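Here is a report on one protein chain.

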Amino acid sequence: MLRGYELGADDYVTKPFHMSVFQKKLAALLNRIVRQTGGDCYDDGILSVNFSGMTAELAGDPLALTPLEYRLLKIWTKNPQVVLTRQILLEKLWDIDENFVDEHALTVAVSRVRNKIEAGGQTRTRGSRRFITGQYSGAFTGG
C-alpha cells in the first residue's frame with residue numbers, strides 16, 4: 001500500500017470489495033478530475049465549445065474558429081455577465097510565451113466571433129440576450 005502512494009496513488013480499494021463502493025469511488029474520482037480541469041467545455045444549448053479539443057458547434061452545426069477565437073470565447077464563458085475592457089482582454093490573451101495580441105487583432109477577432117456565432121446578422125439569442133455585448137467604450141460582456 002505504501003509503495004502505491006509513493007508511485008502517485010491517492011486512494012486504494014482492498015479486495016474483496018462491494019461493487020457499489022467501487023462505483024462510488026470511481027464517480028468521486030471522475031468528479032474530482034472534472035473540477036480540477038475546470039470542465040474545459042461550454043454548452044448553453046445553442047453554442048457548444050470544447051476548448052481542449054478545439055471543437056465548436058452552433059445549433060448543432062460545426063463552427064470553425066481560430067485559436068485566438070477559442071481563447072476569447074473561453075474568457076467570455078468563464079466570466080459571464082462581467083464587463084471585460086479591451087485592456088483586460090489584451091492582458092488575458094497575452095500568453096505565457098509572450099505571444100502578444102494587439103488592439104487591432106482583438107477588434108478583428110471579436111468581430112469574427114460575433115459574425116460566426118450571430119450568423120448572418122441574425123442574432124442567435126438565449127432568451128433576449130446576445131452572446132457578446134459590446135459598448136462604445138471598448139468593453140465587452142460575454143455570456
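## A residue in helix H3

Thr77 is found in helix H3. Helices are DSSP runs of H or I with at least four residues, strands are runs of E with at least two, and both are numbered from the N terminus. This is a predicted model: local features need pLDDT of at least 70, side-chain atom pairs count only at pLDDT 80 or more, and totals for chains, interfaces and linings use all residues. Residues are numbered from 1 along each chain as its sequence is written, and side-chain values use heavy atoms, with hydrogens and water left out.

Is Thr77 buried or exposed? Thr77 counts as buried, because its relative accessibility is 17%. The cut-offs are under 20% relative accessible area for buried, over 50% for exposed, and partly exposed in between, with a 1.4 Å probe and protein chains only.

The side chain of Thr77 has a polar atom 3.1 Å from the backbone oxygen of Lys74. Beyond its neighbours within four places in sequence, Thr77 is in contact with Tyr42 and Phe51. Contact means heavy atoms within 4.5 Å.

## Overall layout

The protein has 5 helices and 7 strands. From the N terminus, the order is α-α-β-β-β-β-α-β-α-α-β-β. Of its 143 residues, 26% count as buried. Take the contacts between residues at least 6 apart in sequence: 43% of them join residues at least 24 apart.

The protein exposes about 9,700 Å². Carbon and sulfur atoms supply 56% of that area. Accessible areas come from the Shrake-Rupley method with a 1.4 Å probe; for residues, only the protein chains shown count as cover.

## The nonpolar core

Which residues of the largest nonpolar core touch the most other members? They are Leu47, Val49, Leu72, Leu73, Trp76 and Leu106, out of 24 residues in this core. Several elements each supply at least two residues of this core: strand E2 (47-50), strand E3 (55-58), helix H3 (67-78), helix H4 (86-93) and helix H5 (103-117). H3 gives the most, with 6 residues. A nonpolar core is a set of buried Ala, Val, Leu, Ile, Met, Phe, Trp, Tyr and Cys residues joined through side-chain atoms within 4.5 Å.

Leaving aside neighbours within four places in sequence, Leu106 is in contact with Leu72, Arg86, Leu89, Leu90, Leu93 and Val101.

## Salt bridges

How many salt bridges does a search of the whole structure find? The search finds 3. A salt bridge is a side-chain nitrogen of Lys or Arg within 4 Å of a carboxyl oxygen of Asp or Glu.

| Pair | N to O distance |
|---|---|
| Arg3 and Glu6 | 3.6 Å |
| Lys74 and Asp40 | 2.7 Å |
| Lys116 and Glu69 | 2.8 Å |

Arg3 and Glu6 are 3 residues apart in helix H1 (residues 2-6), so about one helical turn separates them. Arg3 is exposed, with a relative accessible area of 54%. Glu6 counts as exposed too, at 60% relative accessibility.

The salt bridge between Lys74 and Asp40 spans N and O atoms 2.7 Å apart. Lys74 lies in helix H3, and Asp40 lies in the loop between helix H2 (19-37) and strand E1 (41-43), so the pair ties together parts that are 34 residues apart in sequence. Lys74 counts as partly exposed at 30% relative accessibility. Asp40 is buried, with a relative accessible area of 17%.

In the salt bridge of Lys116 and Glu69, the closest N and O atoms are 2.8 Å apart. This pair links distant parts of the chain, with Lys116 in helix H5 and Glu69 in helix H3, 47 residues apart. Lys116 counts as partly exposed at 26% relative accessibility. Glu69 is buried, with a relative accessible area of 1%.

## Surface patch and a loop residue

Val13, Phe17, Met19, Phe22, Leu26, Leu29, Leu30 and Ile33 make a nonpolar surface patch of about 660 Å². Patches are made of residues with over 30% relative accessible area and no salt bridge; like charges are joined within 9 Å, and nonpolar side chains (Val, Leu, Ile, Met, Phe, Trp, Tyr) within 5 Å. Leu30 is found in helix H2. Leu30 is partly exposed, with a relative accessible area of 46%.

Thr66 lies in the loop between strand E4 (61-62) and H3. Thr66 is partly exposed, with a relative accessible area of 32%. Thr66 and Arg112 are 46 residues apart in sequence, and their C-alpha atoms are 9.6 Å apart in space.

Note on methods: Polar contact = N/O pair within 3.5 Å; in protein donor to acceptor, adjacent residues only side chain to side chain.
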